[in-house]
Structure formats: structure tokens, C-alpha cells
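Here are a few notes to go with the model you are looking at.

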Amino acid sequence: MYARSLGDDGATLGPLEPWQAEEFLAHMDRGREFIGRYNELPDVVRDMESSRAYLRAYAEKTATDSGRICGIRLADGTLVGAVILRTMDVAQGVAEAGCWLEPAAAGRGLVTRAVRLLIDWAIEERGIHRVEWWVASANAPSIAVARRLGMTRDGVLRESYLYRGERHDMEIWSVLAPEWRAVHGRAA
């Protein structure tokens, strides 16, 4: 229910809710190693309780207009990834988008299409002025998504992210509402 098409391949984007915790955990189990290369989510979502808690936290963010999670599904309905507004401050007009995907679904443009819908919603429906994309410098596929979306690399936070015992450089990319509208043919 409430799914939006991601294109001719039948993939869709729709909300993820706490009642889908079992499906979310199965998805995480299928992609745990791949997703966990740069994302701590597989370390957070380990069992049904933590899966439900994670989705419940995003349900609360949705209810308070401070974030959102949407699942990426293939044409057969299989959950293969998600896009999030990890943070969203409507008063300040700033949000941070993120994503992950199972390895079997990589390389199809699903994340780019899904994030495009999410950013468009944040800017056009919620009035967000700046959408950020934080990414480990070594995560080339995620950086490619930022480039395809027309984001600008604002800078690098050197060795700012300690993950699994290793310090990673984090890049911050962003797009501003006027830039987004210029690329996507919308008036302010």
C-alpha cells in the first residue's frame, strides 16, 4: 500500500513499518556482509527485537516529522533495500539522506531512482532546502549515486568515522532546493 513506481522494471518504493520487522530482518540477513562494508546497520539489526526497534524508531521519526524510511522492492515484492532520511529538521530546512541495498539488487539503478523520489518529496512536499549525503570515501558506488543525483561534494572529514576498528574519511555531498529544481525542471 502507498508504493510508488521506480520505473518500468516494476520496482517500487514504499514505507517500512514496525509490523514488517520479520521481513526487514530477513532482508538484513541476506545482505548483512555486503551492507556492512560501510554501514553499521547490520550490527544494529541482529534479531527480531532489534529489527522491530529500528523500524519503530523510524515510525517515531515519521510521526514527529524528523526522518523517514522507505523500502525498495523488486517487482515480485521482495524487499531488497531502503532509503532513509536519517535526520530531517523542517524548521532549519536540512535533511540527511542515506541508503543500502542487498548485493543481488545492486547495479540496477534502484538506489538512484529511490533517492531521487525521496529527495523530491523532501524538497517539494516538506520544504527542505538542503539535502546532505554522508558517505565513506572508499564507498565508490554511493559516491556515484551522489554524482548522478547532481550533488556537490562539500568536503571531507578526515578519519572522522570509527567503524569496526578502522577510521574512515567521510565525504559530505549536498544538493540545494534551487539546484534540484533547476535539474528537475520545477519552479520554486
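This is a predicted model: local features need pLDDT of at least 70, side-chain atom pairs count only at pLDDT 80 or more; totals for chains, interfaces and linings use all residues.

1. Let's begin with Leu79, which sits in strand 4 (residues 79-89); strands here are DSSP runs of E of at least two residues, helices are runs of H or I of at least four, and both are numbered from the N terminus. Leu79 is buried, as its relative accessible area is 2% (buried means under 20%, exposed over 50%, and partly exposed in between, with a 1.4 Å probe and protein chains only). Apart from neighbours within four places in sequence, Leu79 touches Leu16, Glu23, Phe24, His27, Arg30, Gly71, Ile72, Arg73 and Glu102, where contact means heavy atoms within 4.5 Å.

2. Residues are numbered from 1 along each chain as its sequence is written, and side-chain values use heavy atoms, with hydrogens and water left out.

3. For the overall fold, the protein chain has 6 helices and 8 strands, arranged along the sequence as β-β-α-α-α-β-β-β-α-β-α-β-β-α. The radius of gyration is 16 Å, which agrees with the value near 16 Å for a compact globule of 188 residues; this radius is taken over C-alpha atoms, and the globule rule is 2.2 Å times the number of residues to the power 0.38. Along the principal axes, the C-alpha atoms fill a box of roughly 45 × 40 × 35 Å. Of the 188 residues, 44% count as buried. Among contacts between residues at least 6 apart in sequence, 58% join residues at least 24 apart.

4. How do helix 1 and helix 3 pack, and at what angle? Helix 1 (residues 21-35) meets helix 3 (residues 48-63) at about 110°, with the axes 9 Å apart. That makes helix 1 roughly perpendicular to helix 3 (under 35 degrees counts as roughly parallel, over 145 as roughly antiparallel, 65 to 115 as roughly perpendicular, and the rest as oblique). Axes are lines fitted to C-alpha atoms, for helices over the stretch in contact, and angles run from 0 to 180 degrees between N-to-C directions. Helix 1 contributes Ala21, Glu22, Phe24 and Leu25 to the contact, and helix 3 contributes Met48, Ser51, Arg52, Tyr54 and Leu55.

5. The other helix pair is worth a look too. Helix 4 (residues 110-124) and helix 6 (residues 177-184) pack at about 120°, their axes 11 Å apart. That makes helix 4 oblique to helix 6. On the helix 4 side, Arg116, Ile119, Asp120, Ile123 and Glu124 meet Ala177, Trp180, Arg181 and His184 of helix 6.

6. Trp121 also belongs to helix 4 and is partly exposed, with a relative accessible area of 23%. Leaving out neighbours within four places in sequence, Trp121 contacts Arg68, Leu85, Met88 and Arg126. The C-alpha atoms of Trp121 and Arg181 are separated by 12 Å, with the two residues 60 apart along the chain.

7. Beyond its neighbours within four places in sequence, His168 is in contact with Leu157, Glu159, Ser160, Tyr161 and Tyr163.
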